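Colleague: I am new to this structure and would like to go through it with you. Could you put it on the screen?

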Amino acid sequence: MMFHDNVFAGIGIFFGLFLIAVGIAIYFIPSFIAFSRKDRNAVAILVLNLFLGWSLLGWLGSLIWALLDEKQGPTPLTPYPCHPYAGAPNNPSVPRASLPPGQFCPNCGQAVAASDQFCGHCGRPMR
Ligand SMILES: [Zn+2]
């Protein structure tokens, strides 16, 4: 009997820890979303999540905040995030000299041949 009692107690502890882990994981879903999206407000969302997440309103607020910020688009320094030279003219971290002249479309930032009349990606006239 003692053996079975210990086994059931062990199963109980296991499921208890499992439920706690699941609860913590669900509790911090808004923070996971914010950090996985490299949200600029990720730390603020984590703080809101941590201190007000116990209330449904605080948890929903941090979750909505984490989801909403995604829709604000790229940061001002990278207006064309699809290209490695994206936003180079306005981005101080990319030296202007590193851009071969006429090799990249000024509209979409994609590489184009210097002899091209139109950008092959967005159709913008090159000259
Ligand atoms: Zn283009």
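Colleague: In what order do the elements of the chain run from the N terminus on?

Modeller: The order is α-α-α-α, which amounts to 4 helices and 0 strands. Please keep in mind that this is a predicted model.

Colleague: What is the mean pLDDT of the chain, then?

Modeller: The mean pLDDT is 79, and 70% of the residues reach 70 or more. Among the elements, helix α3, residues 42–52, has the highest mean, 94. The lowest, 87, belongs to helix α1, residues 2–27.

Colleague: What share of the residues counts as buried?

Modeller: Of the 127 residues in the chain, 14% count as buried. As for contacts with a separation of 6 or more, 21% of them involve residues 24 or more positions apart.

Colleague: Let us turn to α2. Which of its residues are buried?

Modeller: Helix α2 covers residues 29–36, and its buried residues are Pro30, Ser31, Ile33 and Ala34. They line one face of the helix, because they fall within an arc of 160 degrees when seen down the axis of α2.

Colleague: And what do those buried residues pack against?

Modeller: They pack against α3 and against α4, which spans 56–68.

Colleague: How do α2 and α3 pack, in terms of angle and axes?

Modeller: The angle between α2 and α3 is about 175 degrees, and their axes are 9 Å apart. The two helices are therefore roughly antiparallel. On the α2 side the contact is made by Pro30, Ser31, Ala34 and Phe35, and on the α3 side by Ala42, Ile45, Leu46 and Asn49.

Colleague: Which residues make up the largest nonpolar core?

Modeller: That core has 7 residues in all: Ile33, Ala34, Ala42, Ile45, Leu46, Leu48 and Ala66. Both α2 and α3 supply at least two residues each, and α3 gives the most, with 4 residues.

Colleague: Ala66 is in that list. Which residues does Ala66 touch, leaving out those up to four places away in sequence?

Modeller: Ala66 touches Pro30, Ile33, Ala34, Asp39 and Ile45. Of these, Pro30, Ile33 and Ala34 are among the buried residues of α2.

Colleague: One last topic, the backbone. Which residue just after α2 takes a positive phi?

Modeller: That is Lys38, with a phi of about 50 degrees.

Conventions: Residues are numbered from 1 along each chain as its sequence is written. This is a predicted model: local features need pLDDT of at least 70, side-chain atom pairs count only at pLDDT 80 or more; totals for chains, interfaces and linings use all residues. A residue is buried if 20 or more other C-beta atoms lie within 10 Å of its own, exposed if 12 or fewer, and partly exposed in between; C-beta atoms are placed from the backbone. Two residues are in contact if their C-beta atoms, placed from the backbone, lie within 7 Å. pLDDT is the predictor's confidence in each residue, from 0 to 100. The arc is that of the directions from the helix axis to the C-beta atoms. A nonpolar core is a set of buried Ala, Val, Leu, Ile, Met, Phe, Trp, Tyr and Cys residues joined through C-beta atoms within 7 Å. Axes are lines fitted to C-alpha atoms, for helices over the stretch in contact, and angles run from 0 to 180 degrees between N-to-C directions. Angles under 35 degrees count as roughly parallel, over 145 as roughly antiparallel, 65 to 115 as roughly perpendicular and the rest as oblique.
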